[in-house]
Amino acid sequence: MRTVEEERLYRKQRLAATMRLFAVRGFDEGAGGHVTARDPGDPERFWINPFGVHFGHVRVSDLLLVDSRGEVVEGDGRINPAGFIIHSHVHAARPDVVAVAHAHSTYGRAWATLGRKLDPITQDACAFYEDHEVFDEFGGVVLDSDEGKRIAVRLGTGKAVILRNHGLLTVGGTVQEAAWWFTTMDSSCHVQLLAEAAGTPVPIEPGVARHTASTIGTPGMGRLNFRPLYADLVRVQPDLLD
């Protein structure tokens with residue numbers, strides 16, 4: 001068992017690593033995108049990447065602690081207003097969620113324009129079978145608190161929601177889970193776009209898809225899949241821990 005201080009550092013290290021991972025995967029798009037981790041000492045506060053800092057430059061020491069009003073209570077910098085609105089409502093609606101990830105990834109955005117759920121056409125896509133939704137009420141940049149609430153409602157108890165004409169949002173009981181679900185969901189979007197461009201994909205039978213989801217869609221698998229990515233990032237970019 002970790003102390004509150006140890007758990008806080010643990011989450012912040014993986015949060016900074018997630019930003020570096022997103023940069024490596026090309027999920028950065030200007031100043032857009034944000035990942036948060038609930039603070040273990042005060043569940044109504046969360047850590048977030050600073051607005052306008054490139055994902056590939058974020059360090060543990062750069063992360064900002066934000067309260068329920070959107071005020072930065074620890075760290076130097078500003079937060080993305082849309083990021084606060086979306087993440088604060090998701091965190092409030094889902095006490096089980098530690099981390100929330102949203103970025104403007106290319107394939108996630110492309111798939112989001114279709115306003116459809118992902119189909120279980122690969123083993124990896126089965127992680128989201130019956131565990132994700134589509135939010136189809138795009139109204140521009142999310143600066144309206146009511147829209148943040150509606151996104152949280154649409155997410156429901158799932159691990160992800162596709163924001164139509166916007167991109168992907170994933171959640172997890174750990175930072176590792178939210179980060180991995182985002183990464184593999186974007187990849188699944190890419191695969192389905194390629195498959196549909198080539199022909200008509202053959203879906204996995206519902207019972208098999210459900211069984212596969214019970215294996216690869218678990219929190220433990222989310223953490224396991226993030227582990228080698230974290231180890232690689234820390235070895236190649238050790239400054240993220242500063």
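Over which ring does the charged end of R14 sit? In this predicted model, that ring belongs to Y230, and the charged end of R14 is placed 4.2 Å from its centre. R14 also lies over the face of Y10, at 3.7 Å from the ring centre.

**Aromatic pairs**

The structure contains 7 aromatic pairs. One of them is formed by F27 and F182, and its geometry is edge-to-face. This pair joins distant parts of the chain, 155 residues apart: F27 lies in the loop between α1 (4-24) and β1 (34-38), whereas F182 belongs to helix α5 (residues 175-198). F27 and F182 are both buried.

Another pair consists of F46 and F84, which counts as stacked because the planes of the two rings are at 25°, and planes under 30 degrees apart meet that description. Here too, distant parts of the chain are linked, with F46 in strand β2 (residues 46-48) and F84 in helix α2 (residues 81-93), 38 residues apart. F46 is buried, with a relative accessible area of 4%; F84 is likewise buried, at a relative accessible area of 14%.

The geometry of these two pairs is set out below.

| Pair | Centre to centre | Angle between planes | Arrangement |
|---|---|---|---|
| F27 and F182 | 5.3 Å | 65° | edge-to-face |
| F46 and F84 | 6.1 Å | 25° | stacked |

**Ring cluster**

F27 and F182 also belong to a cluster, in which ring pairs link them with F22 and F55.

Note on methods. Residues are numbered from 1 along each chain as its sequence is written. This is a predicted model: local features need pLDDT of at least 70, side-chain atom pairs count only at pLDDT 80 or more; totals for chains, interfaces and linings use all residues. Side-chain values use heavy atoms; hydrogens and water are left out. Rings of Phe, Tyr and Trp (its six-membered ring) pair if their centres lie within 6.5 Å; planes under 30 degrees apart count as stacked, over 60 as edge-to-face and the rest as tilted. Helices (H or I, at least four residues) and strands (E, at least two) are DSSP runs, numbered from the N terminus. Buried means under 20% relative accessible area, exposed over 50%, partly exposed in between (1.4 Å probe, protein chains only). A charge sits over a ring if NZ of Lys or CZ of Arg is within 6 Å of the ring centre and within 35 degrees of the ring normal.
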